Amino acid sequence: MYRYDRYDHQIVGERVAQYRDQVRRRLSNELTEDEFRPLRLQNGLYMQIHAYMLRIAVPYGMLTSAQLRMFAHIARKYDRGYGHFTTRQNIQFNWLKLEDTPAILADLASVEMHAIQTSGNCIRNITSDEFAGVAGDEIVDPRPYAEILRQWSSFHPEFAYLPRKFKIAISGATQDRAAIAVHDIGLSIIKNEQGAIGFRVLVGGGLGRTPMIGSEIRDFLPWQQLMTYIESIMRVYNQYGRRDNMYKARIKILVKALGIEEFKRQVETDWVDIKDGPGTLTVEELNRVSAYFTAPPYEKLAANDAAVALYKAENKAYANWLQRNVKPHKVPGYAAVVLSLKKTAIAPGDASAEQMDAAADLADRFSFGELRITHMQNLVLADIKQSDLITLWKIAAAQGMASPNVGLLSDIICCLGGDFCSLANARSIPLAKMIAERFESLDFQHDIGEIEINMSGCMNSCGHNHVGHIGVMGVDKQDGSEWYQVAVGGDQGNDSAIGKVIGPSFTFQQMPEVIDRLLQVYLRERIEDERFIDTVRPISVTPFKDYVYATKIQAER
Amino acid sequence: MMMIKNKAVVSDDWGVLRLNENETPEHVRVAAGKIIVPLKVWQAQRAKLQGRVDLYVWLNSDERPEVLQGEVVKFAVIAVNFPKFADGLWYSIAYNLRARLGYTGVGFAAGHPATFPACLMNVVCGTACTVV
């Protein structure tokens, strides 16, 4: 886990002091809202429908138990007792008062956290794989590189006012769990035939109004050249990205306009001068940062714990949880546990202060004091001894964090939507709750198997609807009602794809039947127990579209 | 017009030439004394202006400094017009001026000072002044 040095402490401390004075001047009206707005956005503070929302940076999703306890404290003292984990591995608090925000930032600084560069046209949180460092298919731990990128991008003077926001994701495993194909820059760590470490670099992926899969700009970039190459990508974007229209200002628009070959030519022209220059990553620097991410003191254990196997045979609920929420670990005798924040009737990705404290306790007791936030809005305890699983499960279940639904239908990715967000066309959370309740039956969910349903309240797609196996997006039909467009066949990871819209939109009340009909087609067409997405790919959207629209859907009461 | 360097006003007798609607780069009269002229005026009246010592150039947001390749050494000062403070394009242009065109003079930003992050310009571009 990275720890602040004196420079980090100083700069964050100075930022807190500066912000405190800015708030004071806003509250006394020395600053107008227009003048204050860019200043508060520099500290991740948004004005939403009901209150202020603060987005706190959680670098590549990693948290200490102390940090999570501070989130619980903030939830209790300043918010309504809960926080929301986001699709970029951050946390948001939705019910804040402006006058409390300086104290909140000071509290965060005391546990080495901030809200810098979580808003605005700058480089945002570097996100990564929630199983970094422990996954069986890991090639190289991405976290040292993610931390190097974080340090490099924080307060970078040349790229502080980009045409638009910029998001980078990095994966270090064979399977991409960081959605790199739909990021402005996506990085995949690989080894070439000689065993040298480098990056496959994707550029121009993204969601929102114009979803696109990233284009490969480099199939192998030696690791030493990571910083200089990204610098050149940023410089070309900073100079030539559109600034006349905020809806056409992301790098994906530039890459599409120029074509990847021309874009690459411009990047590599810029790169010629700085490649091998002072920006080259050295072994010393990589080692310095890697030292923060060494393996914890694992015990030498047998590969499988007998007690676990026995209990699994006796207890169906535990067996379900084991199957869905517990993931393999590269060290024998260990496992990674996903704490599901997708309990029925709870907003996806929300955790109460009590749950946060409980998760922090579990981390201290069972997982070397650390946790991860996943971009699918759950929490991970990455280093659990298999012999601790049963005890952990009981505690997690008592706290409502053990719904055995990871990767299943009710493990929905969902934005905040119309209840909170001023950008939304429609509510998303109530829809997610309704769908989760409708298909609550675990037997049914297990029969359906792995499926990713992603929901967003508008085109901004913060809920990643475009890469959902089923994607739901709130649309504006200018009649004051809530309408939802449904797409099928999207996917994240190695087979990333943008979903195809099946047809005209549906009302809120029609949606459960729509989902049901989609699932009926899947059950009818699937070969053996293949996943939903594997059924969709060869047969395409047409059978789904035909069945859903075959007869009028009555609104559900 | 004031020149601010290191938070102090160092000079306030600089003129900035901006073209009116009916003026053209070729024919506009460039006053005597310390003055900063638009790039197009420099290019159009180069023969007449190049002997002058206290004459500098300013670039607008849609102009590239690369057109001054080979000439940058002439200018102790190149100014950039930042009408909108959140337009970060110029940070990269200033970087290129320094790193690639070998510019070692003073770069400064002419624009609204109240919200201008001059500190950032200093760091990356080596600019030392903000012009009001």
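This is a predicted model: local features need pLDDT of at least 70, side-chain atom pairs count only at pLDDT 80 or more; totals for chains, interfaces and linings use all residues.
Let's begin with the chain as a whole and then look at some of its parts.

Chain A is built from 18 helices and 21 strands. Its radius of gyration is 23 Å, close to the 24 Å that the globule rule gives for 557 residues, so chain A is as compact as a globular protein of that length. If you draw a box along the principal axes, the C-alpha atoms of chain A fill roughly 60 × 60 × 60 Å.

Now find two helices in chain A: α5, residues 143–153, and α9, residues 283–290. Their axes come within 9 Å and cross at roughly 105 degrees. Angles of 65 to 115 degrees count as roughly perpendicular, so that is how α5(A) lies to α9(A). Which residues make the contact between them? On α5(A) they are P144(A), E147(A) and I148(A), and on α9(A) they are L286(A), V289(A) and S290(A). By class, the residues of this contact are four nonpolar, one polar and one charged.

Finally, turn to the place where chain A touches chain B. Eleven residues from chain A and twelve residues from chain B take part in that contact. On the side of chain A, helix α6 (residues 226–240) gives the most, with three residues.

Conventions: Residues are numbered from 1 along each chain as its sequence is written. Chains are lettered from A and ligands numbered from 1 in the order in which they are written. Axes are lines fitted to C-alpha atoms, for helices over the stretch in contact, and angles run from 0 to 180 degrees between N-to-C directions. Helices (H or I, at least four residues) and strands (E, at least two) are DSSP runs, numbered from the N terminus. Angles under 35 degrees count as roughly parallel, over 145 as roughly antiparallel, 65 to 115 as roughly perpendicular and the rest as oblique. Two residues are in contact if their C-beta atoms, placed from the backbone, lie within 7 Å. Ala, Val, Leu, Ile, Met, Phe, Trp, Tyr, Cys and Pro count as nonpolar, Asp, Glu, Lys and Arg as charged, and the others, Gly among them, as polar. The radius of gyration is taken over C-alpha atoms; the globule rule is 2.2 Å times the number of residues to the power 0.38.
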